[in-house]
Protein chains: 2
Amino acid sequence: MTSTARREARITADPDVPLIRIVREFDAPRESVFRAHTEPELVAQWMGPRSVENRIDRWDCRTGGSWRYVSVHEGQEYGFYGSFHEVRPNELIVQTFTFEGMPDGVALERLVLEDIGGGRTRLTATSLVDSFEGRDAFLASGMEVGVNEGYEKLDELLARG
Amino acid sequence: MTSTARREARITADPDVPLIRIVREFDAPRESVFRAHTEPELVAQWMGPRSVENRIDRWDCRTGGSWRYVSVHEGQEYGFYGSFHEVRPNELIVQTFTFEGMPDGVALERLVLEDIGGGRTRLTATSLVDSFEGRDAFLASGMEVGVNEGYEKLDELLARG
């Protein structure tokens, strides 16, 4: 059972521009990984660290759509929102991202899914912001816990088919 | 008549991140400059160089809305589209921007309007992309013609009240 092996996402800071790049592989076809990003009832199940519950207000995952969700951690609510700039089925999602606790911050995010054979998929997610300070503060915030626990939950969701 | 003086927008390349910054002042209150960016029939009248006609397909300028327009130059059509991440009346518009001729390119744009007294407004527009090469190619493309002619048309529109 390959899916029991713990995998870490590769998280790197771009040397030239204020961008974070996350690469992670999944034992599931691209269509399934894509669907887990576009259907709100699936997204709510895996996104973020294990310590939070997600409540999705809207998730209109199509070119020109918008989204908002709330993560609940020990009774505290944290809101996030943005818009879907472009959605190409099974291939690409380009979206914006703001944490409502920092309302003047915004990231431009790009998710690319590649078929790497054998029913497996490589996900590459980039997040671009307008300052190295902001990017590096986010990297130092412990964000890798949410990324890795979220993708482990996504592994589990995909394994359930 | 102050409005007959030709003004150039100040267009600068950020030294640290792949961002362009445009600063321009207008002899009109913030509410009027904002409305000229949000009402599609006004936007169509001033956006871009004098040599083009704009046809707006959609311009839903609110948080979570989307937009698309076509510029017609000598019979050729050039399409542009994106989404409105956030719109704060009279203050701020954050949006995405793609030229359909380069469908994998996307910019994150931020428009800030400041009241500088005397019924005048300072507009600061930034455009962030993910590479210096892309940013510098855009700066070298003659984009300042479209920016300056567009803002001259906007001066004229604002002067008509």
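This is a predicted model: local features need pLDDT of at least 70, side-chain atom pairs count only at pLDDT 80 or more; totals for chains, interfaces and linings use all residues.
Local features need pLDDT of at least 70, side-chain atom pairs count only at pLDDT 80 or more, and totals for chains, interfaces and linings use all residues. Residues are numbered from 1 along each chain as its sequence is written, chains are lettered from A in the order in which they are written, and side-chain values use heavy atoms, with hydrogens and water left out.

**Exercise 1.** Determine the strand order of the sheet in chain B and locate what packs on it.

*Solution.* Step 1: take helices (H or I, at least four residues) and strands (E, at least two) as DSSP runs, numbered from the N terminus, and let two strands pair if DSSP finds at least two bridges between them. In chain B, 8 strands then form an open, antiparallel sheet in the order S1-S2-S8-S7-S6-S5-S4-S3. Its edge strands are S1 (10-13) and S3 (53-59) of chain B, each pairing on one side only.

Step 1: examine one pair. Strands S4 (residues 66-73) and S5 (residues 76-88) of chain B are antiparallel over 8 bridges; Ser71(B) stands opposite Tyr78(B) in S5(B).

**Exercise 2.** Derive the relation between chain B and chain A.

*Solution.* Step 1: superpose the copies by least squares on the C-alpha atoms of residues with pLDDT of at least 70 in both. A rotation of 180° with 0.0 Å of shift along its axis places chain B on chain A, at RMSD 0.0 Å. The two copies are thus related as by a two-fold rotation axis.

Step 1: compare the surfaces. Of the interface residues of chain B, 100% are also interface residues in chain A, so the copies meet through the same surface.

**Exercise 3.** Characterise the interface of chain B and chain A.

*Solution.* Step 1: compute buried area, the accessible area (1.4 Å probe) that two parts lose on being put together, summed over both. The chains bury about 2,000 Å² between them, 60% of it on carbon and sulfur atoms. Tyr81(B), His85(B) and Leu108(B) supply 25% of the area that chain B buries against chain A, more than any other three residues.

Step 1: count salt bridges (a side-chain nitrogen of Lys or Arg within 4 Å of a carboxyl oxygen of Asp or Glu). There are 4 between chain B and chain A; Asp104(A) and Arg110(B) form a salt bridge at 4.0 Å, N to O.

Key:
Contact means heavy atoms within 4.5 Å. Axes are lines fitted to C-alpha atoms, for helices over the stretch in contact, and angles run from 0 to 180 degrees between N-to-C directions.
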